[in-house]
Amino acid sequence: MVLTHSGKCLVHCPVGAYAQHPTLKPGPLCQLLTVMQEMAGRPAQSYVELHGLGVVLLEGHHSLIGAVCEPTDGAIAAARLVAMQALNVFGKLYRAQVQALDEAHSKEARELA
């Protein structure tokens, strides 16, 4: 999944066995991950386990990329590689658009508060 710093889910694309029986809801997951990322000081890479699934989170180019995987060393390493590739390509192609969407989403959230 691709999300903004303010927690807006931009892309959610489940694949493999997880796509057949997804257990995490993308909207709340994006919000949770962005809050956790913020509380951790916004590291470039992080990992968390939720409901028996691993989530690799990478930050860069005004985007966050989350890759859901099995919580095993091999799966985590593979998810990290896929997330790095996605962050590199998506970030380079859509950085300006993501930044604009993030600013609009943050402004909307401030107005509602």
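## Strands β1 and β5

In this predicted model, Leu3 has Leu64 in β5 as its bridge partner. Strand β1 (residues 2–3) and strand β5 (residues 63–69) run antiparallel and are joined by 2 bridges. Strands (E, at least two residues) and helices (H or I, at least four) are DSSP runs, numbered from the N terminus. Two strands pair if DSSP finds at least two bridges between them.

## The sheet and its helices

The open sheet has 5 strands in the order β2-β1-β5-β4-β3, with antiparallel pairing. At its edges are β2 (9–11) and β3, each pairing on one side only.

Helix α2 lies across β1, β2, β3, β4 and β5, at about 130° to β3. Helix α3 (residues 73–112) also packs on the sheet, touching β1, β2, β3, β4 and β5, and its direction makes about 150° with that of β5. Contact means heavy atoms within 4.5 Å. Angles run from 0 to 180 degrees between N-to-C directions, with axes fitted to C-alpha atoms, for helices over the stretch in contact.

## Nonpolar cores

A nonpolar core is a set of buried Ala, Val, Leu, Ile, Met, Phe, Trp, Tyr and Cys residues joined through side-chain atoms within 4.5 Å; buried means under 20% relative accessible area (1.4 Å probe, protein chains only). The largest has 13 residues, and Leu29 and Leu33 have the most contacts inside it. At least two of its residues come from each of α2 (26–39), β3 (45–50) and β4 (53–60). Another core, of 12 residues, lies apart from it and includes Ile65, Ala67, Cys69 and Ile76.

## Basis

Residues are numbered from 1 along each chain as its sequence is written, and side-chain values use heavy atoms, leaving out hydrogens and water. The model is predicted: local features need pLDDT of at least 70, side-chain atom pairs count only at pLDDT 80 or more, and totals for chains, interfaces and linings use all residues.

Notes
Buried < 20%, exposed > 50% of the residue type's maximum accessible area, 1.4 Å probe, protein only.
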